[in-house]
Amino acid sequence: MLKNDRWIIEQAQLGMIEPFEPSLVRAVSIDSTGLLRPVLSYGLSSYGYDIRLSPVEFKVFRHIPGTVVNPKRFNPDNLESVPLHSDEDGDYFIIPAHSYGLGVALERLVIPANITCLFIGKSTYARCGLIWNLTPGESGWTGWLTLEVSNSSSADCRVFANEGVVQALFMEGEPCGTTYADRAGKYQDQPHKVTLAKV
């Protein structure tokens, strides 16, 4: 069963999402005058929660002649840090055309043992050619989600920090025999930074 906003609030009060925004935020105050700046929405929705991109770190793949990316022996030299920019639209990273980037969620998650999450990209980014990979958050997983995004367009694109990028959908099932935490999954307790591929 897909879990609703009331359930998400109850679980957030128990520590499932931190920090937690109990409403869907579409604009933020930019100064003491009360002027508002529109944002890519984040926070609680009817049947999900819009996760934000953290300003802490964003990396893009770069080509190193003569090398092949190997997920079993990932070479961190294949990733290049991208600086955080800021203007009247907010804080953002730039992902080059036809490139692939890795960021980290602003919110820390603690997934209950009888829940699995799916993280799906927001439609505003999809309409710009940015595809946020659909990834699972397994039962019992804890940490800051590493976010993967592909720029399929022929133009460089902005990805906004502190704003919504993916929506978490929480699905309840019968209790499983072994949670991700029980099996000591390799991505358990991810820190607040990009976590690279590992086996």
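Colleague: How much space lies in the largest cavity?

Modeller: Rolling a probe the size of a water molecule over the atoms shows where empty space is left. In this predicted model, the largest cavity holds about 40 Å³ of space. The structure has one cavity of 30 Å³ or more.

Colleague: Which residues line the largest cavity, and which element supplies the largest share of its lining?

Modeller: The lining consists of Phe 119, Trp 132, Asn 133, Thr 135, Leu 145, Thr 146, Leu 147, Glu 148 and Val 166. Strand β12 supplies the largest share, with four residues. By class, five of the lining residues are nonpolar, three are polar and one is charged.

Colleague: What is the volume of the largest pocket, and which residues lie nearest its centre?

Modeller: The largest pocket has a volume of about 390 Å³. Its lining comprises 21 residues, and those nearest the centre are Thr 146, Glu 148, Tyr 187, Gln 190 and Thr 195.

Colleague: Is Lys 3 buried or exposed, and how does Glu 172 count?

Modeller: Lys 3 has a relative accessible area of 10% and is therefore buried, the cut-off being under 20%. Glu 172, at 32% relative accessibility, counts as partly exposed.

Colleague: Which residue forms a salt bridge with Glu 107?

Modeller: The partner of Glu 107 is Arg 52, and their closest N and O atoms are 2.8 Å apart. Glu 107 belongs to strand β8 and Arg 52 to strand β4 (residues 48–61), so the pair ties together parts that are 55 residues apart in sequence. Both Glu 107 and Arg 52 are buried.

Colleague: Where in the chain do Glu 138 and Arg 183 lie?

Modeller: Glu 138 is in the loop between β11 and β12, while Arg 183 is in the segment after β14, 45 residues apart. The two form a salt bridge whose closest N and O atoms are 3.2 Å apart. Glu 138 is partly exposed at 33% relative accessibility, and Arg 183 is partly exposed with a relative accessible area of 46%.

Colleague: Which residues are linked in a network of salt bridges?

Modeller: The network links Asp 87, Asp 89 and Arg 158.

Colleague: Finally, which residues touch the most other members of the largest nonpolar core?

Modeller: The core has 37 residues, and Phe 58, Trp 132, Val 159 and Phe 170 touch the most other members. Strand β4 contributes the largest share of this core, five residues. Leaving aside neighbours within four places in sequence, Phe 58 is in contact with residues including Leu 53, Phe 93, Ile 95, Leu 102, Val 149 and Val 159.

Technical notes
Residues are numbered from 1 along each chain as its sequence is written. This is a predicted model: local features need pLDDT of at least 70, side-chain atom pairs count only at pLDDT 80 or more; totals for chains, interfaces and linings use all residues. Side-chain values use heavy atoms; hydrogens and water are left out. On a 1 Å grid over the protein atoms alone, a cavity is a set of points where a 1.4 Å probe fits but cannot get out, and a pocket is an open set with protein on both sides within 12 Å along at least five of seven lines; lining residues have an atom within 4 Å of a point. Grid points are joined across faces, edges and corners, and a volume is the space filled by probe spheres set on the points. Buried means under 20% relative accessible area, exposed over 50%, partly exposed in between (1.4 Å probe, protein chains only). A salt bridge is a side-chain nitrogen of Lys or Arg within 4 Å of a carboxyl oxygen of Asp or Glu. Helices (H or I, at least four residues) and strands (E, at least two) are DSSP runs, numbered from the N terminus. A nonpolar core is a set of buried Ala, Val, Leu, Ile, Met, Phe, Trp, Tyr and Cys residues joined through side-chain atoms within 4.5 Å. Contact means heavy atoms within 4.5 Å. Ala, Val, Leu, Ile, Met, Phe, Trp, Tyr, Cys and Pro count as nonpolar, Asp, Glu, Lys and Arg as charged, and the others, Gly among them, as polar.
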